[in-house]
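User: Could you walk me through this one? I'd like to start with the ligand and then move on to a helix pair.

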Amino acid sequence: MTTTPVALTLNAGSSSLKFGLFDISGAPAVMAVGQIDSIGKAPRLKASFGPGRSPVSRDLTPAEAADHKSALTTALAELRSQFPKARASAVGHRVVHGGPSYDRPMVLTPEVMEELRRLSPFAPIHQPHNLAGIDAAVEAFPEALQVACFDTAFHRTHPKVNDVFALPREYYDKGVRRYGFHGLSYDYISGELKRIAPLIHEGRVIVAHLGNGASMCGMIGGRSVASTMGFTALDGLPMGTRTGQIDPGVIFYMVQQEGMSIDEVRQLFYSKSGLLGLSGLSNDMRALEAAGTVEANEAIDYFVFRIRRELGGLAAALGGLDALVFCGGIGENSRLIRERVCEGMGWIGLELDRERNGRNDTVISTDMSRARVMVVPTNEELVIARAARDFLDTRG
Ligand code: ADP
């Protein structure tokens, strides 16, 4: 009896594990997506399984997700109860950092794993969790092909002038570079544009990935030219709890005048700032839009202001603009943010159609708008599943 070939996708964050199951007998088709949140604290499982099957949403016991390994065991048990015959022949992993050399997905050999461990200091908050997820998956599926897909890889096409910082040269050689992140999302959007708007894809496009993490990427011909994130995923736009771009002098001040340790500053910049810090209320855009307080409105104002600034900067880097694409939880759902970003942007060729924007249409600019404005839902898991399937195909 032959069973359907399936690929498992894993995205291990600091306290969460996102997973997907894909039928890869043809173009990857999703069978299940889900996540376990609050690993090690008060874990919770959420998963959906497509038509005819009820979604699952329940609290877990602490032991069911004490760490990434037990969380993976719990997720796999859930998947097995839904699809008892499925056996993953490949596992695709989201890995935040691929360093200067990995510009595409890689099969995880011991040598690649060694290199990824070496890169951990560049992404100390994310990379170790990604690697823990890989270790757990190798143990669970010793026979499966393990594939890594990097958030940095998509940006390796950007020119050197956008890769360097104005530091003494030795640091560039040591890896202190502008890597850029959210690459799986940009890769997906680039592919979607090629499919649904091939002429736009060939042109100058700015993609705004606005979720809990947020960044923007300028592309020409579907390839990254510049992005707002740099050495770490802290730079660029303000985010749910991250500062975004900030004068590094603030770090010296916090250490020297406020007496903070470097770990405290890191915690402040990554976890207490951004929309949460400015609003004093929430990192969640829906909550801020509903709140209507002065502080919540100021947080929204700052978010929009920085997006508009980066839009101008990226358009200059691209030499003009043919399309602006919104994606991510905020980009795909918030009519208000899209409207405010595009307000008065006629000078750059953007004219929003309020009705189309209100309907969440794919094209939300007017027919007269010189540059097109689009909403394209992103799908990072699918990019990982495709990579896993492609490697399986080439192995025969
Ligand atoms: P992550 O980066 O964790 O994957 P998401 O892409 O899911 O995050 O985006 C989460 C953000 O999207 C949250 O700030 C949430 O409030 C926002 N969001 C989701 N739906 C809406 C909506 N209808 N209106 C405004 N913001 C929304």
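Analyst: A residue is near a molecule if one of its heavy atoms lies within 4 Å of it. This is a predicted model, where local features need pLDDT of at least 70, side-chain atom pairs count only at pLDDT 80 or more, and totals for chains, interfaces and linings use all residues. Residues are numbered from 1 along each chain as its sequence is written, and side-chain values use heavy atoms, with hydrogens and water left out.

User: OK, how many residues surround the ligand, and which are the closest?

Analyst: The ligand is surrounded by 14 residues, the closest being N212, D284, M285, R286 and G329.

User: What does D284 do there, in terms of distance?

Analyst: One of the polar side-chain atoms of D284 lies 2.5 Å from an oxygen atom of the ligand, and a backbone N or O atom of G329 is 2.9 Å from a ligand oxygen atom; a polar contact here is a pair of N or O atoms within 3.5 Å.

User: Switching topic, at what angle do α5 and α15 cross?

Analyst: The axes of α5 (residues 183-196) and α15 (residues 380-395) cross at roughly 85 degrees and come within 8 Å, the axes being lines fitted to C-alpha atoms over the stretch in contact, with angles from 0 to 180 degrees between N-to-C directions. Helices are DSSP runs (H or I, at least four residues) numbered from the N terminus. The angle therefore makes α5 roughly perpendicular to α15, a term that covers 65 to 115 degrees.

User: Which residues make that contact?

Analyst: From α5 they are L184, S185, D187 and Y188, and from α15 E380, L382, V383, I384 and R386, with contact meaning heavy atoms within 4.5 Å.

Note on methods
Helix = DSSP H or I, 4+ residues; strand = E, 2+ residues; numbered from the N terminus. Parallel < 35°, antiparallel > 145°, perpendicular 65-115°, else oblique. Polar contact = N/O pair within 3.5 Å; in protein donor to acceptor, adjacent residues only side chain to side chain.
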